[in-house]
Amino acid sequence: MKLRPTAFVILIAATLLVSCSDHAPDSNHDEGDAHSAHSTPPEVGVRLNDGHKWKMDAHTRSSFAQMANSFLTADHSALKEEGLKKMGSDLQGEIKNLIQGCTMTGEAHDQLHTYLGGYVAAVASLSKSGRIEDARKIKHYLEEYGEFFE
């Protein structure tokens, strides 16, 4: 069964709420103008831990390293719409694996949820639209991950 991107986002959000914590992800993020190639990068919405990066568990670090490796090394501008949609779909599978192995708790976990709110939405949008603008959003999120988490 193929899930529509909207259904996928709802499924991911519900899974995050049930499997990880009693806290919902913070959805206060600016995704910018999805149709503009020159839009402002989306706000990640995460804050540092008293000036330090949040400590992630081994599963989360590994999952993000895999997502970054598969996505950031690709030449998105050379891909057509279907290739970008496939990249989004591949990332959705990697997000599913991240969520299934989630064992984190506490404030670090809550900050990860804040980050995931925008990231998951950007991935769902890419898998549906195949637009380079969505790929740029994902690239921004993956590059910002290391600014807040270790």
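Ground rules. This is a predicted model: local features need pLDDT of at least 70, side-chain atom pairs count only at pLDDT 80 or more, and totals for chains, interfaces and linings use all residues. Numbering starts from 1 along each chain as its sequence is written, and side-chain values use heavy atoms, with hydrogens and water left out.

Overall build. The chain has five helices and zero strands. Helices are DSSP runs of H or I, at least four residues; strands are runs of E, at least two; numbering goes from the N terminus. Of the 150 residues, 41% count as buried. Buried means under 20% relative accessible area, exposed over 50%, partly exposed in between, with a 1.4 Å probe and protein chains only. Now contacts, meaning heavy atoms within 4.5 Å. Take those between residues at least 6 apart in sequence: 81% join residues at least 24 apart.

Next, the core. A nonpolar core is a set of buried Ala, Val, Leu, Ile, Met, Phe, Trp, Tyr and Cys residues joined through side-chain atoms within 4.5 Å. The largest one has 30 residues. Phe64, Leu112, Tyr115, Tyr119, Ile138 and Phe149 have the most contacts inside it. Two or more residues come from each of α2 (58–72), α3 (81–100), α4 (106–129) and α5 (132–148). Which helix gives the most? That is α4, with nine residues.

Now the aromatics. There are nine aromatic pairs in the structure. Rings of Phe, Tyr and Trp (its six-membered ring) pair if their centres lie within 6.5 Å; planes under 30 degrees apart are stacked, over 60 edge-to-face, the rest tilted. Look at Phe64 and Tyr119. Their ring centres are 5.9 Å apart and the planes sit at 50°, so this pair is tilted. Phe64 is in helix α2 and Tyr119 in helix α4, so the pair ties together parts 55 residues apart in sequence. Buried or exposed, these two, Phe64 and Tyr119? Phe64 is buried, at 3% relative accessibility. Tyr119 is buried too, at 0%.

Last stop, Asp134, in helix α5. Its relative accessibility is 0%, so Asp134 counts as buried. What does its side chain make a polar contact with? The side chain of Ser125, at 3.0 Å. A polar contact is a pair of N or O atoms within 3.5 Å; within protein, one must be able to donate a hydrogen and the other to accept it, and residues adjacent in sequence count only if both atoms are side-chain atoms. Leaving aside neighbours within four places in sequence, Asp134 also touches Ala122, Leu126 and Ser129, among its contacts.
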